[in-house]
Amino acid sequence: MKPRHAMSLTHCPNCGARIVPTPKELKQWRLAAGLTQRQIAARLKITAGHVAYLEHGKRSPSATLIARYRKFIPSGGNPA
């Protein structure tokens with residue numbers, strides 16, 4: 001049986017702008033905050049394994065999780 005992958009909206013249906021950060025961006029945000037995968041996982045209330053899946057593109061983050069991740073972007077940094 002093939003594994004199912006959740007369909008997620010990655011671009012705005014109206015303007016076409018990308019609304020889901022790339023796995024590379026998620027990792028850059030974490031590193032810019034000076035956090036390990038375990039540390040950010042604890043703050044986001046998810047497992048470190050899930051953080052690794054997100055950063056390797058094996059899972060897509062939910063809108064809620066993206067909003068929580070954005071809190072760790074250093075001020076003055078560009079999230080996109």
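Helices here are DSSP runs of at least four residues, numbered from the N terminus. On that basis, the elements of this protein run α-α-α-α from the N terminus on. The model is a predicted one. Its secondary structure comes to four helices and zero strands.

Start with the whole chain. The protein has 80 residues, and buried residues make up 25% of them. Its accessible surface comes to about 5900 Å². Carbon and sulfur atoms account for 56% of that surface. Now take the contacts between residues at least 6 apart in sequence. Of these, 45% join residues at least 24 apart.

Next, the pair H2 and H3. Two packed helices are described by the angle between their axes and the distance between the axes. For H2 and H3, the axes come within 8 Å. They cross at roughly 110°. Angles of 65 to 115 degrees count as roughly perpendicular, and H2 and H3 are therefore roughly perpendicular to each other. On the H2 side, the contact is made by Gln37, Arg38, Ile40 and Ala41. H3 contributes Ala48, Val51, Ala52 and Glu55. Sorted by class, this contact has five nonpolar residues, one polar residue and two charged residues.

Move on to H4, which spans residues 63-70. Which of its residues are buried? They are Leu65, Ile66 and Tyr69. Seen down the axis of H4, the buried residues fall within an arc of 100°, so they line one face of the helix. The face turned away from that buried side carries the exposed residues Ala63 and Thr64. What do the buried residues of H4 pack against? Their partners are helix H1 (23-32), helix H2 (37-44) and helix H3 (48-55).

Is histidine 50 buried or partly exposed? Buried means under 20% relative accessible area, exposed over 50%, and partly exposed lies in between. Histidine 50 has 27% relative accessibility, so it counts as partly exposed. Leave aside its neighbours within four places in sequence. Histidine 50 is then in contact with Arg59 and Leu65. Leu65 is one of the buried residues of H4. Arginine 38, for its part, is among the H2 residues that make the contact with H3. Histidine 50 and arginine 38 are twelve residues apart in sequence. In space, they are 10.0 Å apart, C-alpha to C-alpha.

Key
Residues are numbered from 1 along each chain as its sequence is written. This is a predicted model: local features need pLDDT of at least 70, side-chain atom pairs count only at pLDDT 80 or more; totals for chains, interfaces and linings use all residues. Side-chain values use heavy atoms; hydrogens and water are left out. Buried means under 20% relative accessible area, exposed over 50%, partly exposed in between (1.4 Å probe, protein chains only). Helices (H or I, at least four residues) and strands (E, at least two) are DSSP runs, numbered from the N terminus. The arc is that of the directions from the helix axis to the C-beta atoms. Contact means heavy atoms within 4.5 Å. Axes are lines fitted to C-alpha atoms, for helices over the stretch in contact, and angles run from 0 to 180 degrees between N-to-C directions. Angles under 35 degrees count as roughly parallel, over 145 as roughly antiparallel, 65 to 115 as roughly perpendicular and the rest as oblique. Ala, Val, Leu, Ile, Met, Phe, Trp, Tyr, Cys and Pro count as nonpolar, Asp, Glu, Lys and Arg as charged, and the others, Gly among them, as polar. Accessible areas come from the Shrake-Rupley method with a 1.4 Å probe; for residues, only the protein chains shown count as cover.
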